[in-house]
Amino acid sequence: MNLTNYHSHCLFCDGRADMDEFIRFAISKGFTSYGVSSHAPLPFSTHWSMEWGQIENYLNEFNRVKQVYKSQIEFYVGLEVDYLNDLSNPSSICFQQLPLDYIIGSVHLLYNDKQDVIDIDVAPPIFADIVNQHFYGDLDKVIRMYFERQFRMLELGGFDILGHADKMHYNAMCYRPGLLEEKWYNDLVEDFFKKVANYGYIVEINTKAYNTYHTFFPNEKYFALLHELGIRVMVNSDSHYPDRINAGRLEALKCLKDCGFETVVERYDNKWKDVMISL
Ligand SMILES: [Zn+2]
Ligand SMILES: [Zn+2]
């Protein structure tokens with residue numbers, strides 16, 4: 001029944017419940033395989049990322065919870081690591097040397113021209129203010145910067161799963177309706193996914209915003225392209241609340257199937273496996 005999720009937060013970052021609660025909820029819904037992926041430490045503090053001093057506790061708590069529920073569910077540990085710059089990204093040795101099962105590579109942050117770090121993973125009205133105040137209203141530039149950073153993350157590597165590939169599109173679309181019909185934008189997204197396919201990364205279909213914004217990340221418009229390029233996909237809810245771990249999962253699986261996918265990636269026996277979509 002494809003009851004899996006590998007993108008999940010908890011109290012070690014900005015999740016709203018502890019690891020134990022997430023896993024108990026997953027078991028109660030019949031999930032067979034689950035992974036926790038807190039926001040990895042950055043070179044500075046934020047309200048949403050883990051501190052380096054917590055990593056050991058995170059790994060210890062994972063091992064404790066895994067033992068408690070091992071007869072009921074396969075439990076894995078990862079981190080969602082930001083591409084910040086060439087010194088702090090998924091390929092950095094500090095992340096590579098951790099005993100993790102996997103890494104999700106994501107972009108949430110840009111630099112403005114004063115080299116201030118700007119979080120663009122925010123609500124649409126805040127994003128609009130950011131574009132106007134930090135980037136002089138130049139949305140095209142912001143979009144290009146976002147993808148340039150993702151291209152660089154692909155090149156540097158060190159991760160297994162590409163996190164919410166085009167997440168900024170929803171904010172950008174609110175700023176300028178019709179963006180997803182613009183040729184230059186679609187060419188950019190297509191080039192990006194071609195590169196993703198060449199490197200062989202797994203792309204997550206992130207369902208976090210499905211119930212509020214009715215879109216997946218990447219947007220469902222690109223599912224057929226992903227299939228055509230031979231990209232392997234998995235469905236993740238990027239859940240910050242235990243009761244949202246299943247949100248949008250069936251809708252995403254159905255949409256993938258409609259676009260030609262027969263399998264999704266799930267983790268069993270410490271390996272990524274292609275599992276038939278069964279609806
Ligand atoms: Zn994220
Ligand atoms: Zn996340």
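The structure is a predicted model, so to speak read with some care: local features need pLDDT of at least 70, side-chain atom pairs count only at pLDDT 80 or more, and totals for chains, interfaces and linings use all residues. Residues are numbered from 1 along each chain as its sequence is written, chains are lettered from A and ligands numbered from 1 in the order in which they are written, and side-chain values use heavy atoms, with hydrogens and water left out.

Starting with the overall picture, the chain has ten helices and eleven strands, taken as DSSP runs (H or I, at least four residues, for helices; E, at least two, for strands) and numbered from the N terminus. Its radius of gyration is 18 Å, close to the 19 Å from the globule rule for 279 residues, so the chain is as compact as a globular protein of that length. Here the radius is taken over C-alpha atoms, and the rule is 2.2 Å times the number of residues to the power 0.38. The C-alpha trace spans about 55 × 45 × 35 Å along its principal axes. Of the 279 residues, 56% are buried (under 20% relative accessible area, with exposed over 50% and partly exposed in between; 1.4 Å probe, protein chains only). The accessible surface comes to about 12000 Å², and carbon and sulfur atoms hold 50% of that (Shrake-Rupley method, 1.4 Å probe; for residues, only the protein chains shown count as cover). As for contacts (heavy atoms within 4.5 Å), 72% of those between residues at least 6 apart in sequence join residues at least 24 apart.

On a 1 Å grid over the protein atoms alone, a pocket is an open set of points with protein on both sides within 12 Å along at least five of seven lines, a cavity is a set where a 1.4 Å probe fits but cannot get out, and lining residues have an atom within 4 Å of a point. Points are joined across faces, edges and corners, and a volume is the space filled by probe spheres set on them.

The largest pocket holds about 840 Å³. It is lined by 35 residues, with Asp121, Lys167, Lys208, Asp238 and His240 nearest its centre. Helix H6 (168-175) and helix H8 (210-213) are the elements giving two or more residues to this lining, and H8 gives the most, with four. By class, the pocket lining has 14 nonpolar, twelve polar and nine charged residues (Ala, Val, Leu, Ile, Met, Phe, Trp, Tyr, Cys and Pro count as nonpolar, Asp, Glu, Lys and Arg as charged, and the others, Gly among them, as polar).

Strand E10 (263-268) is one of the elements supplying at least two lining residues, and E10 gives the most, with three.

Finally, two residues. Asn89 sits in the loop between strand E3 (74-82) and helix H3 (93-96) and is buried, at 1% relative accessible area. Leaving aside residues up to four places away in sequence, Asn89 touches Val81, Asp82, Tyr83, Phe95 and Leu156. Glu61 belongs to helix H2 (residues 55-68), and its C-alpha atom is 17 Å from that of His240, 179 residues apart along the chain.
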